[in-house]
Amino acid sequence: MAQLFKTRITDLFGIEHPLICGGLMWLSDANYVAASVNAGGMGFMTAKTFPDPEAFRAELQKCRELTGGKRFGVNLYLSMQPGSNDMLHTHVDIMLDEGVDIVETAGMPPQEFLGDLKSAGVIINHKVASIKHAAKAESLGVDAVTIVGAECGGHPGLDLVGTMVQTAAAAQSLTIPYIVGGGIGHGSQVAAALAMGADAVVMGSRMTVSEEIWAHRAYKDKVVEASERDTRLIMSSFRNTYRAYDNEDARSVSKLESEGVTDYEEYKPFVAGIHQKEAYTSGDWNKGVLSLGQSAVFATEVKPVADIFADILEEARLAAERLDNMRFPAAAAGQVA
Ligand SMILES: Cc1cc2nc3c(=O)[nH]c(=O)nc-3n(C[C@H](O)[C@H](O)[C@H](O)COP(=O)(O)O)c2cc1C
């Protein structure tokens, strides 16, 4: 699809379309990331999906090959659990060694890694769930921020402010380029986000039905079936709010929370990350808490990334045209789409 929009993010990342595929734990491998890049957007390989450093290196090399040398990104999710980010120092060394020069950091502020990344000239895009944290990241010197709203799959933060409000409000608080997400999966939302001041959108849930995602077809079929009402917010009692597919394990977590259980050990049989991997592998979508946001409603068909992008861009083009046709002189001439 021909380039429709030129923004600070398309310029900064060197991409054609303002469509960013956020890191997806267990799912963002070389095939998926390369498909996002080859379709003209940007993708981020989740470093924590490849705990073995050499497996990570091999996956980066595979992605480089699949993109024919085009730029792609790495996602560094920084957990608040003490010690759990230590492995990422080795991953950062490998990433730099392999010539990756763009990261999506998320979770905790990325101070611990900023020095190494900046001195290597890496573009740092930090993902947060609130404008307050975005402004803090800007003050730390990151190059761009991503702000996700309450609708998003995974971690929507504690304040649960929606994407519509955050997108417009961010324009008033930030000077660096910003990407918005949370509930985005239709091109009309892309046009709206750009109109409000954003430079790109990030999508996660909408993309889980991509053909290039390795997960079992039964899981993807379930996402296709899901509406905007099929997600559940859990783990708020641990101040770690998480939006997941409304399956048996997510409901078990809600039950423990409603009973006032505070011992994390009792939650582990449901929330440990390895259960997600098992669910994606077996297709047993009732297992594990599976990140999913309200934009599941737009994921209506399993398709290659390039086709999903083409649909979204056409929808964005039509939305922009609709606005043009509504502008007073055109509307008065009866040209409303
Ligand atoms: C299945 C899934 C796994 C995710 N895993 C990660 C992750 O490992 N690291 C991360 O920073 N964000 C992760 N996210 C969040 C996405 O990168 C993205 O920010 C989010 O999905 C955008 O909101 P949306 O789900 O409404 O599109 C995940 C989201 C989903 C749906």
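Select residues 111–119 for α5, and you'll see it pack against α4 at an angle of about 20°, with the axes 11 Å apart. Helices here are DSSP runs (H or I, at least four residues), numbered from the N terminus. Their axes are lines fitted to C-alpha atoms over the stretch in contact, and angles run from 0 to 180 degrees between N-to-C directions. Look along the pair: α4 passes α5 in a right-handed crossing, meaning the near helix is turned clockwise from the far one by less than a right angle.

A quick note before moving on: this is a predicted model, where local features need pLDDT of at least 70 and side-chain atom pairs count only at pLDDT 80 or more, while totals for chains, interfaces and linings use all residues. Residues are numbered from 1 along each chain as its sequence is written, and side-chain values use heavy atoms, with hydrogens and water left out.

Now pick α8 (residues 187–196) and α13 (residues 305–326), whose axes are 6 Å apart at an angle of about 55°. This pair is therefore oblique.

Last stop: the ligand. How many residues surround the ligand? There are 20, and the closest are Gly23, Lys127, Gly183, Gly204 and Ser205, counting residues with a heavy atom within 4 Å. Zoom in on the polar contacts (pairs of N or O atoms within 3.5 Å). A polar side-chain atom of Ser205 sits 2.6 Å from a ligand oxygen, and a backbone N or O atom of Gly183 is 2.7 Å from an oxygen of the ligand.

Notes. Polar contact = N/O pair within 3.5 Å; in protein donor to acceptor, adjacent residues only side chain to side chain. Helix = DSSP H or I, 4+ residues; strand = E, 2+ residues; numbered from the N terminus. Parallel < 35°, antiparallel > 145°, perpendicular 65-115°, else oblique.
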